[in-house]
Amino acid sequence: MKFVLFLCGLAIAAGSESWDNFKLTHGKAYSNAKEELYRKTIFENNLKFVEEHNELFRKGETSFTVAMNRFGDLTTEEFVAQMTGLNRLERRVGQVFARFPQTPRAADVDWRDQGAVTPVKDQGQCGSCWSFSTTGALESATFLKTGTLPLLSEQQLVDCSTENSGCNGGVVQWAYDYLKSCGGSQSEASYPYEAIDNTCRFDSQSVIATVSGYIDIPFADEKTQAAAVHDAGPVSVCVDAGHLSFQLYSSGVYYEANCDPLGINHAVLAVGYGTEGGDDYWIIKNSWGTGWGDAGYMKLTRNKSNHCGVATQSCYPTV
């Protein structure tokens with residue numbers, strides 16, 4: 001009996017140490033003891049999920065790992081509310097869809113290797129993923145046209161793209177419409193990110209990248225999307241990120257059986273594609289900082305029924 005109590009004591013101590021390390025690592029502080037207890041309970045449930053999932057990975061029963069990160073004290077519902085922000089876009093009359101010859105292309109592409117992708121950014125607790133997907137694709141398209149890789153302003157889009165809703169969500173295509181109409185995008189330096197809705201302070205004299213329009217990827221057409229990534233550069237894509245496995249993703253080729261191709265809620269950037277262990281994947285650049293995923297990136301399952309909606313609402317800018 002004493003030995004059992006001793007083991008229970010060790011387990012409690014280990015759990016408390018994990019919680020203390022989590023708070024210290026991520027600078028967590030809570031308003032009162034009740035709130036901290038609530039967050040600790042969520043953390044412990046999420047930690048159990050991590051341990052059980054990674055045991056499946058060790059057994060070869062899943063293709064990716066998960067890990068505790070700064071979102072470890074959030075429920076998935078809270079996480080989605082704070083860290084996504086995509087609005088669905090209905091298909092429209094007059095849409096321009098991508099068309100590429102169905103000829104063989106390279107088996108893998110990674111635009112990071114060509115210096116065509118800016119560093120991973122962090123949207124903070126603002127539902128502005130759509131603005132980061134927009135700037136990410138435009139930064140790369142500008143580089144491929146001019147040879148110069150700019151850092152563009154997400155805050156300009158949050159404040160000034162009135163068809164969108166700032167930190168309450170938006171649509172990449174509408175952001176490109178705005179940039180075309182206003183004359184282009186300012187730099188990150190001239191219009192820095194604040195992660196809040198603010199008054200529009202656009203300065204046309206500070207524009208460093210312009211947009212002539214955008215081209216949509218046909219619905220669920222991953223072959224055309226891959227051709228676009230290969231030929232035209234990184235593509236703005238949208239995914240269903242509403243799963244604990246996505247929230248705590250760490251490495252490997254992500255596959256979530258409960259992902260909904262029509263449940264997209266988060267805009268990201270496809271910067272390449274490849275194959276690992278027989279699994280085709282997209283290289284996804286996220287906007288949750290380098291502490292999430294594989295230094296801010298994810299390998300997301302490709303060529304498997306439009307997994308997580310990765311080709312449901314995709315487009316790329318023309319410059």
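1. In this predicted model, helix H4 (129-146) and strand S8 each supply at least two residues to the lining of the largest cavity. The largest share, six residues, comes from H4.

2. How many cavities of 30 Å³ or more does a search of the whole structure find? The search finds one. The space in the largest cavity amounts to about 100 Å³. Its lining consists of 15 residues, and those closest to its centre are Phe 132, Ser 133, Lys 285, Asn 286 and Ser 287. By class, the lining of the largest cavity divides into five nonpolar, six polar and four charged residues.

3. His 266 has its place in strand S8. Is His 266 buried or exposed? With a relative accessible area of 0%, His 266 falls under the 20% limit and therefore counts as buried. Beyond its neighbours within four places in sequence, the contacts of His 266 include Met 83, Thr 84, Gln 123 and Cys 129. Ser 287 and Trp 288 are also among them, as are Val 237, Cys 238 and Val 239.

4. Cys 238 belongs to strand S6 (residues 235-239). Cys 238 is likewise buried, at a relative accessible area of 1%. Which residues does Cys 238 touch, not counting those up to four places away in sequence? They are Leu 86, Ile 264, His 266, Ala 267, Cys 308, Gly 309, Val 310 and Gln 313. Pro 101 stands 137 residues from Cys 238 in sequence, and the two C-alpha atoms are 24 Å apart in space.

5. The largest nonpolar core comprises 70 residues, and Tyr 176, Tyr 254 and Ile 284 have the most contacts inside it. Strand S8 (residues 266-276) gives the most to this core, with six residues. Apart from it lies another core, of five residues, among them Trp 19, Phe 22, Tyr 30 and Leu 47.

6. Leaving aside neighbours within four places in sequence, Tyr 254 is in contact with residues including Phe 64, His 243, Phe 246 and Tyr 249. Its contacts also include Met 298, Lys 299, Leu 300 and Thr 301, together with His 307 and Cys 308. Cys 308 is also one of the residues touched by Cys 238.

7. The largest pocket holds about 230 Å³ of space. Its lining is made up of 13 residues, of which Arg 105, Lys 223, Ala 226, Ala 227 and Arg 302 lie nearest the centre. Six of the lining residues are nonpolar, three polar and four charged. Which element provides the largest share of this lining? That element is helix H7 (residues 222-232), with four residues.

8. Helix H7 may be described from end to end. Within H7, the residues Glu 222, Thr 224, Gln 225, Ala 226, Ala 227, Ala 228 and Val 229 are buried. The buried residues of H7 pack against S6 and S8, and also against strand S2 (109-110), strand S9 (279-285), strand S10 (297-301) and strand S11 (315-318). Just after the helix, Gly 233 takes a positive phi of about 110°.

Methods: Residues are numbered from 1 along each chain as its sequence is written. This is a predicted model: local features need pLDDT of at least 70, side-chain atom pairs count only at pLDDT 80 or more; totals for chains, interfaces and linings use all residues. Side-chain values use heavy atoms; hydrogens and water are left out. Buried means under 20% relative accessible area, exposed over 50%, partly exposed in between (1.4 Å probe, protein chains only). Contact means heavy atoms within 4.5 Å. A nonpolar core is a set of buried Ala, Val, Leu, Ile, Met, Phe, Trp, Tyr and Cys residues joined through side-chain atoms within 4.5 Å. On a 1 Å grid over the protein atoms alone, a cavity is a set of points where a 1.4 Å probe fits but cannot get out, and a pocket is an open set with protein on both sides within 12 Å along at least five of seven lines; lining residues have an atom within 4 Å of a point. Grid points are joined across faces, edges and corners, and a volume is the space filled by probe spheres set on the points. Ala, Val, Leu, Ile, Met, Phe, Trp, Tyr, Cys and Pro count as nonpolar, Asp, Glu, Lys and Arg as charged, and the others, Gly among them, as polar.
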